[in-house]
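Let us walk through this protein from its overall layout down to a few individual side chains.

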Amino acid sequence: MRRAERCDRSGQWPLEKSCGTVTLTHEERHRRRARLLTDGGEEILLDLPRAVVLEDGDGLALADGGWIAVRAASEPLLEVRTAAPAQLCRLAWHLGNRHLPAQLEAERILVRNDHVIAAMLEGLGARLRQVQEAFAPELGAYAAGEGHSHRARGPASGQVAGGHGGAKDAGEDD
């Protein structure tokens, strides 16, 4: 099994050396050590020195010199919109108060699709729509060491369509 020992951020690795892709959900993209199944069916071992949040476009450096491109999987999400920006800010506060992962944008918020949260948001005046998109929530104040500013807001660019391989536990907590 080939081993990935380093992650370089989008635009900072040699894309021309890519020998495959791995498409992962948001939850699967926060890893240190895991068995990953590439979109081509190859199993690789992710073995990083510390846990990181992998983002769409990042590259995983393989020990043999190759690279695997990370793709953000499309996930079922709730799109939250309101009539006024102040109301959207209020809803963001309520979501944050519940420590829910949320992707904050100028005119909408994306959260995981959950019927209890949907009922709360509707009760607070939100307009909701179920969407299928890549999920890139805010990392939070205590994840500052992992954060980086290259992430574009909105749907992930360069997303690969189709199924995804995913991550499997490699016998060690991430």
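Of the 174 residues of the protein chain, 45% count as buried, in what is a predicted model. The accessible surface amounts to about 9200 Å², and carbon and sulfur atoms contribute 51% of that area.

The secondary structure of the protein chain comprises 2 helices and 11 strands, which follow one another along the sequence in the order β-β-β-β-β-β-β-α-β-β-α-β-β. Among the contacts in the protein chain with a separation of 6 or more, 71% are made by residues 24 or more positions apart.

The structure holds 1 aromatic pair, formed by tryptophan 13 and tryptophan 67, which are stacked with 5.5 Å from centre to centre and 20° between the planes. The two partners lie 54 residues apart and link distant parts of the chain, tryptophan 13 being in the loop between strand E1 (2-8) and strand E2 (18-24), and tryptophan 67 in strand E6 (residues 67-72). Tryptophan 13 counts as buried because its relative accessibility is 9%, and tryptophan 67 is likewise buried, with a relative accessible area of 6%.

As for glutamate 105, which is 17 residues from leucine 88 along the chain, the C-alpha atoms of the two residues are separated by 9.8 Å.

Terms used:
Residues numbered from 1 in each chain as written. Predicted model: local features only at pLDDT ≥ 70, side-chain atom pairs only at ≥ 80, totals over all residues. Heavy atoms only, no water. Helix = DSSP H or I, 4+ residues; strand = E, 2+ residues; numbered from the N terminus. Buried < 20%, exposed > 50% of the residue type's maximum accessible area, 1.4 Å probe, protein only. Contact = heavy atoms within 4.5 Å. Areas by Shrake-Rupley, 256 points an atom, 1.4 Å probe, with all protein chains shown as cover. Phe/Tyr/Trp six-rings, centres within 6.5 Å; stacked < 30°, edge-to-face > 60°.
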